[in-house]
Amino acid sequence: MAMGLSAAEKLRYARQITLSEIGESGQAKLKQSSVLIVGAGGLGSPLALYLTAAGVGRVGLVDFDVVDESNLHRQVLHTQLNLGMHKLDSACATLEALNPHVHVETHPLRLDRSNALEIIRAYDIVADGTDNFATRYLVNDACVFSNVANVYGSVFQFEGQVSVFAHGDGPCYRCLYPKPPPPGLVPSCAEGGVLGVLPGLIGTLQANEVIKLLLGIGHPLIGRMLLLNALGGRWQTLSVRRDPKCEVCGPEATITELADYDAFCGFAPTITVEEFGTLRAQEEAFFLLDVRQPQESVQTNMRADQLIPVEELQSRMHELQAGAEDRIVVHCQTGARSMRAVQALRTAGYSRAVSLEGGIEAWMHRTSKLA
């Protein structure tokens with residue numbers, strides 16, 4: 001059943017309705033539409049703000065993190081008052097204040113193969129605002145299997161990308177990137193940094209693509225990828241062709257169901273901060289290895305038994321004070337470098353080495369909540 005616009009909505013969206021490509025019928029179509037935003041962080045913030053402001057009727061958000069002070073320079077959904085809050089609670093408060101005509105749905109969980117299909121199939125379009133390869137491949141594959149368009153964006157330091165995947169005869173993410181890079185090769189934003197305004201630029205472009213797709217107007221970035229070098233002020237458009245041999249969207253696809261994407265991306269075995277807390281409380285024997293730089297350890301530390309920067313671990317393996325049979329918990333700042341370290345350790349025969357999931361940042365969040 002079609003939903004018309006109320007007088008209040010006509011007034012709110014007047015400048016948008018004035019556009020001949022949209023009009024009242026297009027605005028009503030937005031009201032009837034639904035978009036799932038995966039991640040309520042740097043990219044998810046402008047996506048959620050502008051899609052909510054534009055009048056998309058149902059906006060879904062997936063996230064399981066809390067607001068940290070280091071988020072605030074780029075994650076504009078959240079403020080200083082929201083520190084420590086679940087990002088979805090913070091986002092809901094902001095979006096409901098922005099536009100009471102939009103229904104905001106929250107999914108406070110980690111998207112994985114057990115829930116991705118069910119969640120994604122409930123929406124018209126998915127906007128990928130994630131910051132890790134495992135979830136990007138998961139979102140891509142779930143969108144292909146569900147026949148739901150995937151509006152993709154990514155940022156790193158001063159560079160960003162935007163494209164539309166899994167739409168019609170267009171390519172999917174795997175057509176461009178069949179395999180993920182080796183773990184740790186591409187640093188996270190926490191390690192490599194990101195210009196605060198960059199997610200705003202890229203996320204807003206993603207929102208633009210979502211609106212074009214919902215309304216069937218303009219020329220969406222299907223088969224094209226828009227690249228931005230913010231430092232140089234340069235835009236570039238690349239052609240992205242559908243790969244006839246793609247394992248997911250090709251005519252002879254060999255991947256037909258969701259898989260273990262952590263394993264696919266080569267992630268090392270991990271231990272959660274809750275499990276680590278239990279390990280410490282029970283006083284079980286383990287060796288704690290810090291693989292950050294010495295200056296990072298001076299700023300924050302977990303009283304590690306030894307510090308060897310991950311970049312030096314291979315050449316200094318003989319210095320490790322733990323035995324091959326010891327249980328080794330490796331930590332860094334956010335969990336990326338420790339995964340690389342665990343892979344190196346296991347290759348060298350330390351079969352019980354695990355990475356602390358989320359690193360010292362996740363541990364500090366846990367301890368602050370328990371305080």
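Which charged end sits over the ring of F133? The charged end of R136, 5.2 Å from the ring centre. The cut-off here: NZ of Lys or CZ of Arg within 6 Å of the ring centre and within 35 degrees of the ring normal. R174 does likewise with F264, where its charged end sits over the ring at 4.8 Å from the centre.

Some ground rules. This is a predicted model, so local features need pLDDT of at least 70, side-chain atom pairs count only at pLDDT 80 or more, and totals for chains, interfaces and linings use all residues. Residues are numbered from 1 along each chain as its sequence is written, and side-chain values use heavy atoms, with hydrogens and water left out.

Now the aromatics. The whole structure holds eight aromatic pairs. To pair, rings of Phe, Tyr and Trp (its six-membered ring) need centres within 6.5 Å; planes under 30 degrees apart are stacked, over 60 edge-to-face, and the rest tilted. Take Y137 and Y173: edge-to-face, 5.1 Å centre to centre, with 75° between the planes. That pair links distant parts of the chain. Y137 is in helix α7 (residues 133-146), Y173 in helix α8 (residues 173-176), and they are 36 residues apart. Helices here are DSSP runs of H or I, at least four residues; strands are runs of E, at least two; both are numbered from the N terminus.

Y173 has another partner. Why is the pair of Y173 and Y177 tilted? Because the planes are at 55°, with the ring centres 5.2 Å apart. How accessible are these residues? Buried means under 20% relative accessible area, exposed over 50%, partly exposed in between, using a 1.4 Å probe and protein chains only. Y137 and Y173 are both buried. Y173 has a relative accessible area of 2%. Y177 is partly exposed, at 29%. Step back, and one aromatic cluster takes in Y137, Y152, F165, Y173, Y177 and F264. F264 is also the ring under the charged end of R174.

On to charges. A search of the whole structure gives eleven salt bridges. Each is a side-chain nitrogen of Lys or Arg within 4 Å of a carboxyl oxygen of Asp or Glu.

One is K10 with E24, closest N and O atoms 3.8 Å apart. K10 is in helix α1 (residues 7-12) and E24 in helix α3 (residues 23-31), 14 residues apart. K10 is partly exposed at 36%, and E24 is partly exposed at 43%.

Next, E105 with R58: 3.0 Å between the closest N and O atoms. This pair joins two strands, β3 (residues 103-107) for E105 and β2 (residues 58-62) for R58, 47 residues apart. E105 is partly exposed at 21%; R58 is partly exposed at 23%.

Then R337 with E296, at 2.9 Å between the closest N and O atoms. R337 lies in helix α14 (residues 336-347) and E296 in helix α13 (residues 294-299), so the bridge ties together parts 41 residues apart in sequence. Buried or exposed? Both R337 and E296 are buried.

There is a network too: salt bridges link E312, R316 and E319.

Last, a lysine. K87 is found in helix α5 (residues 87-98). K87 is buried, at 4% relative accessible area. What does K87 touch, beyond neighbours within four places in sequence? A40, G41, D63, D65, V66, V67, N71, Q75 and H78. Contact means heavy atoms within 4.5 Å.
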